[in-house]
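Student: I would like to go through some labels and the values behind them. Can we take them one at a time?

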Amino acid sequence: MPRATQAIIGVNVVVFLLQSQMGDAAIIWFALWPLGPNAVFGPDVGFAPWQLVTYSFLHGGFTHIFFNLFAVYMFGSTLEQFLGTRSYVMLYFVSVVTAGLTQLGVNALLGSPYPTLGASGGVFGLLLAFGMFFPRQRIMLIIPPIPMPAWVAVTAYAMLELFLGVTGTQAGVAHFAHLGGMLGAFLMIQWRRGKPPFAKRRR
């Protein structure tokens, strides 16, 4: 396993153990809280800039962190070897930050007072990148346990996240943050390829 992937997994595990000792203090200071005063949790609880990164190291339980870190291992190892450590780390954290910004926007629209936590934004960024760089490589996901080309898996997950986000079917899951992570990875890859979105083409 390449070193940056090891580091991401290791830091998440250490923070998860610290979080179990800190209790609510970890959530109050380091989860991603909506913008503005919080009428539910009080005036001392709210957004801070560092939360756009720190939220990605917190998790809601063992199952949450297990599936996220398994995905980091599954896709991150190959991507780090392909992109190089520096570009890989940049891709991951751009996805994390873009996912956080997307969730802030969604929370503002919905008036949600609840925080966001988890590495899923970065994970979905890695998933999108894997599908773009290795579209025909067959992968076996845990859910569903069916081998399929990477581009099919990425497209299916994106459509599912959009459906669940729009319908609100699965409450308590930041589906638009997942899509924001994918968007961040897409923009990063296009920039790397010299094809920034919305750039004017020369005639």
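Student: Why does Val14 count as partly exposed?

Tutor: This is a predicted model, so each value is computed from it. Val14 has 48% relative accessibility. Buried means under 20% and exposed means over 50%. The value falls in between, so Val14 is partly exposed.

Student: Where is Val14 found, and which residues make the nonpolar surface patch?

Tutor: Val14 is found in helix α1. The patch is made by Val14, Leu18, Met22, Ile28, Trp29, Phe30 and Trp50. Its area is about 680 Å². Two or more patch residues come from each of α1 (3-22) and α2 (24-30).

Student: How many aromatic pairs does a search of the whole structure find?

Tutor: The search finds 11. Take Phe57 and Phe93 as one case.

Student: What makes the pair of Phe57 and Phe93 tilted?

Tutor: The ring centres are 6.3 Å apart, and the planes are at 45°. A pair needs centres within 6.5 Å, so these rings qualify. Stacked needs planes under 30 degrees apart, and edge-to-face needs over 60.

Student: Which parts does the pair of Phe57 and Phe93 tie together?

Tutor: Phe57 lies in the loop between α3 (51-54) and α4 (62-83). Phe93 lies in helix α5 (residues 85-110). The pair therefore ties together parts 36 residues apart in sequence.

Student: How do you know that Phe57 is buried?

Tutor: Its relative accessible area is 15%. The limit for buried is under 20%, so Phe57 is buried. Phe93 has 24%, so Phe93 is partly exposed.

Student: What makes the pair of Phe82 and Phe133 tilted?

Tutor: The distance is 5.0 Å centre to centre, with 55° between the planes. Phe82 lies in helix α4 and Phe133 in helix α6 (residues 120-133), so the pair ties together parts 51 residues apart in sequence.

Student: Are Phe82 and Phe133 buried or partly exposed?

Tutor: Phe82 has 43% relative accessibility, so Phe82 is partly exposed. Phe133 has 16%, under the 20% limit, so Phe133 is buried.

Student: Which element gives the most to the lining of the largest pocket?

Tutor: That is α4, with 8 residues. The pocket has a volume of about 1300 Å³. Of its 48 lining residues, Ser120, Glu161, Val173, His175 and His178 are the closest to its centre.

Conventions
Residues are numbered from 1 along each chain as its sequence is written. This is a predicted model: local features need pLDDT of at least 70, side-chain atom pairs count only at pLDDT 80 or more; totals for chains, interfaces and linings use all residues. Side-chain values use heavy atoms; hydrogens and water are left out. Patches are made of residues with over 30% relative accessible area and no salt bridge: like charges are joined within 9 Å, nonpolar side chains (Val, Leu, Ile, Met, Phe, Trp, Tyr) within 5 Å. Accessible areas come from the Shrake-Rupley method with a 1.4 Å probe; for residues, only the protein chains shown count as cover. A salt bridge is a side-chain nitrogen of Lys or Arg within 4 Å of a carboxyl oxygen of Asp or Glu. Helices (H or I, at least four residues) and strands (E, at least two) are DSSP runs, numbered from the N terminus. Buried means under 20% relative accessible area, exposed over 50%, partly exposed in between (1.4 Å probe, protein chains only). Rings of Phe, Tyr and Trp (its six-membered ring) pair if their centres lie within 6.5 Å; planes under 30 degrees apart count as stacked, over 60 as edge-to-face and the rest as tilted. On a 1 Å grid over the protein atoms alone, a cavity is a set of points where a 1.4 Å probe fits but cannot get out, and a pocket is an open set with protein on both sides within 12 Å along at least five of seven lines; lining residues have an atom within 4 Å of a point. Grid points are joined across faces, edges and corners, and a volume is the space filled by probe spheres set on the points.
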